[in-house]
Amino acid sequence: MSSGTLTKPSTKDDDLSSSPVVPARHPWRWVGVAFVLVLAAQFVHGLVTNPAWDWPTFARYFTAQSILTAVGTTIVLTVAGTALGFALGIVVAVLRMSKSPFLSAVGWTYIWAFRSIPLIVQLLFWFNISYLYQRLSLGIPFGPEFVSFETISLISPMGAAILGLALHQAAYAAEIVRSGVISVERGQLEAAAALGIPRSRQFRRIVLPQAMRSILPNAANEVISLFKGTSVVSVMAIGELFYQVQVIYGRNARVVALLMVATVWYIILTTLLSIGQHYVERYFARGDRR
């Protein structure tokens, strides 16, 4: 054994640490990117150069007063249907989660019924309620009537549309709210109860902030679907966006251009909603980011 300086034997790890780092190559990824870009360029080129799209007609009607009024009607139907639908949906969700078998059965039956019946059937039912029931009255069941009124003046076409959309939306909103609430761990509520926190505060400060993380994406999807679903009320001759587009291309036969008008407006509305969804989700996720 020599008395010189001892040298530490080299190991496999030392050899690897001195090796240059080479990034992984993904040649097929770039092939896929190039393929998608070529398809996108061809699509845009076809939109610009194909005269069948009739962009001059699109430009003339995109901001026409009748179209803007129809967009406003679509927004009113969506906002009213969403607000009333989720307000009722929260009530139905509470019934569905009730410990009472009767209340739970009532909530389940509502969800089952309104998810089973097509939306267009519900709208036509409320639109024709005066045909089915000419008069409605309030009083003692099977006894004397106190107040009665004609149904033909009770619900207008716009009211029937909002009512049908709200009742339909409530069934889906109830399940969205229920799924968000049951996603919160039960142990957190038990810990809060052990600390003596009131039940109302448990819901506001513990359950709701966490449940919103699950509720918001699904709720936003439902609102976006309702934006486009308002086109169904065209069967009731209500001047929402799709109905107004149909009226115009029925007169001038410019079907494609007018359908593109409706399409672009729907894209704008859903994009604005998606942006709002992003900021609301970020607000409720601030605790997770911390």
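Start with Tyr 61: leaving aside residues up to four places away in sequence, Tyr 61 touches Ile 67, Ile 248, Asn 252, Leu 258 and Val 261, where a contact means heavy atoms within 4.5 Å. This is a predicted model, so local features need pLDDT of at least 70 and side-chain atom pairs count only at pLDDT 80 or more, while totals for chains, interfaces and linings use all residues. Residues are numbered from 1 along each chain as its sequence is written, and side-chain values use heavy atoms, with hydrogens and water left out.

**Nonpolar cores**

- The largest nonpolar core has 15 residues, and Tyr 61, Ile 67, Leu 241, Val 245, Val 261 and Trp 265 touch the most other members.
- Helix 3 (55-62), helix 4 (65-96), helix 11 (241-252) and helix 12 (255-284) each put at least two residues into this core, and helix 12 gives the largest share, 6 residues.
- Apart from that one sits another core of 12 residues, among them Leu 119, Ala 160, Ala 161 and Ile 238.
- For the terms: a core is a set of buried Ala, Val, Leu, Ile, Met, Phe, Trp, Tyr and Cys residues joined through side-chain atoms within 4.5 Å; buried is under 20% relative accessible area, exposed is over 50%, and partly exposed is in between (1.4 Å probe, protein chains only); helices are DSSP runs (H or I, at least four residues) numbered from the N terminus.

**Largest pocket**

- About 1,100 Å³ of space lies in the largest pocket, the volume being the space filled by probe spheres set on grid points joined across faces, edges and corners.
- A pocket here is an open set of points on a 1 Å grid over the protein atoms alone, where a 1.4 Å probe fits, with protein on both sides within 12 Å along at least five of seven lines; lining residues have an atom within 4 Å of a point.
- Of the 31 lining residues, Met 97, Val 177, Val 181, Phe 203 and Val 207 are the closest to the centre.
- Helix 10 supplies the largest share of the lining, 12 residues.
- By class, the lining has 23 nonpolar, 4 polar and 4 charged residues (nonpolar: Ala, Val, Leu, Ile, Met, Phe, Trp, Tyr, Cys and Pro; charged: Asp, Glu, Lys and Arg; polar: the others, Gly among them).

**Aromatic rings**

- There are 7 aromatic pairs, meaning Phe, Tyr or Trp rings (six-membered ring for Trp) with centres within 6.5 Å; planes under 30 degrees apart are stacked, over 60 edge-to-face and the rest tilted.
- Trp 53 and Trp 55 are stacked, because their ring centres are 6.2 Å apart and their planes at 20 degrees.
- Trp 53 is partly exposed at 24% relative accessibility, and Trp 55 is partly exposed at 28%.
- Phe 125 and Trp 126 have ring centres 5.1 Å apart and planes at 80 degrees, so that pair is edge-to-face.
- Trp 53, Trp 55, Phe 58, Phe 62 and Trp 265 form one aromatic cluster.
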